[in-house]
Amino acid sequence: MAASAPGSAEVSLVVVVHGGGASNISADRKERVREGIARAATEGYNTLKAGGSAVDAVEKAVTVLENDPEFNAGCGSVLNAKGDIEMDASIMDGRDLSAGAVSAVRCIENPIKLARLVMEKTPHCFLTGHGAEKFAADMGIPEIPVQKLITERSKKHLEKEKLEKGAQKADCPKNSGTVGAVALDCKGNVAYATSTGGIVNKMVGRVGDSPCIGAGGYADNNLGAVSTTGHGESILKVNLARLALFHVEQGKTVNEAAELALNYMKSKLKGLGGLILVSKTGDWVAKWTSASMPWAAVKNGKLQAGIDLCETKTQDLC
């Protein structure tokens, strides 16, 4: 399934956001998820309209989702096998390929903000665990009790998964929620941001694709920006984000590029997932092979959003 829009000769302001590839979302959650994803895209777009950069916009959009307990990131993160939270995030500036990432961080409200600080305030690309948390403290990011990040829904998810005792399979990404955003700003710069709590009942210390540059996302002004979601181990093995941009580099449309990359992962590994992609000209696509993927996009003041197959709602922003 895909949603897409063509670009134009002039550089358009574009923000596309996803809320994770997953199995079917329950009816009682759908409206809250739809509202959350639309709010994130709108706030990211408003950042661009106010003169912010693509990096500013994707950080803002992902922060909105990290603060929304309906999504598997920040305060809605799923729990590992010990009932604890370990979060991953990454961000990249397509202007100069600057990137920042963190993994296995715990008592931090917004991992995406920490990832941006890694990008801008250190000579490194990636910090993990205790080192990332020490860096956060050095940067003045407050430490919060981990219980503030744990929701009742996450506790029930873990209980259910332990009862079923099934390791997650590549073709059944029932808890593969991730949030992400891509953007194109008025200067033609692109960026991506991706954040997640990972997979429910994961081993302590497990890290998936989300903080890994090239897998969980990629941004290059010469090509575009991608953020991915789905079965993390499969995404890592095919380097999904960079693979999609490789197809753009070869002259494919954004829709063709997304389809080729996702189908390769599915045929080679039975891995399901999704991605959002914006090209340097403002073409964008939201595409997935999982049962659903909440997404929203704003371009030229028009908001589009959906969750399931063949479902798109459109509205003009004031």
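**Entry on Thr178.** I began with Thr178 and found that, leaving aside its neighbours within four places in sequence, Thr178 is in contact (heavy atoms within 4.5 Å) with His18, Gly19, Gly20, Asn72, Thr194, Ser195, Thr196, Ser210, Thr228 and Thr229. I note that this is a predicted model, in which local features need pLDDT of at least 70 and side-chain atom pairs count only at pLDDT 80 or more, while totals for chains, interfaces and linings use all residues. I also note that residues are numbered from 1 along each chain as its sequence is written, and that side-chain values use heavy atoms, with hydrogens and water left out.

Thr178 sits in the loop between helix H5 (152–164) and strand S6 (179–184). Is Thr178 buried or exposed? I use "buried" for under 20% relative accessible area, "exposed" for over 50% and "partly exposed" for what lies in between, with a 1.4 Å probe and protein chains only. Thr178 has 3% relative accessibility, so I wrote it down as buried.

**Entry on Asn72.** One of the residues that Thr178 contacts is Asn72, so I looked up Asn72 next, and its 8% relative accessibility makes it buried. Asn72 belongs to the loop between H2 and S3. From Asn72 to Asn222 I read 31 Å in space, C-alpha to C-alpha, and 150 residues in sequence.

**Entry on H1 and H2.** Two packed helices are described by the angle between their axes and the distance between the axes. Here axes are lines fitted to C-alpha atoms, for helices over the stretch in contact, and angles run from 0 to 180 degrees between N-to-C directions. Helix H1 (residues 27–49) and helix H2 (residues 54–66) have axes that come within 8 Å and cross at roughly 155°. This crossing makes H1 roughly antiparallel to H2; the cut-offs are under 35 degrees for roughly parallel, over 145 for roughly antiparallel, 65 to 115 for roughly perpendicular, and oblique for the rest.

Which residues of H1 and H2 meet? On the H1 side I listed Gly36, Ile37, Arg39, Ala40, Glu43, Gly44, Thr47 and Leu48, and on the H2 side Ala54, Asp56, Ala57, Lys60, Ala61, Val64 and Leu65. Sorted by class, this contact has 8 nonpolar, 3 polar and 4 charged residues, where Ala, Val, Leu, Ile, Met, Phe, Trp, Tyr, Cys and Pro count as nonpolar, Asp, Glu, Lys and Arg as charged, and the others, Gly among them, as polar.

**Entry on H3 and H4.** The axes of helix H3 (residues 111–121) and helix H4 (residues 129–138) come within 11 Å and cross at roughly 80°, which means that H3 is roughly perpendicular to H4. Leu114, Leu117, Val118 and Lys121 of H3 meet Ala132, Phe135 and Ala136 of H4, and by class I noted 6 nonpolar residues, no polar ones and 1 charged one in the contact of H3 with H4.

**Entry on H7.** How many of the 10 residues of helix H7 (residues 240–249) are buried? I found 7, so H7 is mostly covered, and the buried ones are Leu240, Ala241, Leu243, Ala244, Leu245, His247 and Val248. Their cover includes S8, strand S9 (224–230), helix H6 (232–238), helix H8 (254–269) and strand S10 (273–279). Just after H7, Gly251 has a positive phi of about 100°.

**Entry on positive phi.** Leu97, a residue other than glycine, also has a positive phi, near 65°. Leu97 is placed in the loop between strand S3 (87–93) and strand S4 (98–105), and its relative accessible area of 39% makes it partly exposed. For Asn201, likewise not a glycine, I read a positive phi near 65°. Asn201 is placed in the loop between strand S7 (190–196) and strand S8 (217–220), and at 25% relative accessible area Asn201 is partly exposed.

**Entry on the tryptophans.** I looked for aromatic pairs and found 1 in the structure. Trp284 and Trp295 form this pair, which is tilted, with 5.7 Å centre to centre and 45° between the planes. Rings of Phe, Tyr and Trp (its six-membered ring) pair if their centres lie within 6.5 Å, and planes under 30 degrees apart count as stacked, over 60 as edge-to-face and the rest as tilted. Trp284 lies in strand S11 (residues 284–288) and Trp295 in strand S12 (residues 295–299), so the pair ties together parts 11 residues apart in sequence. Both Trp284 and Trp295 are buried, and for Trp295 the relative accessible area is 0%.

How values were computed:
Helix = DSSP H or I, 4+ residues; strand = E, 2+ residues; numbered from the N terminus.
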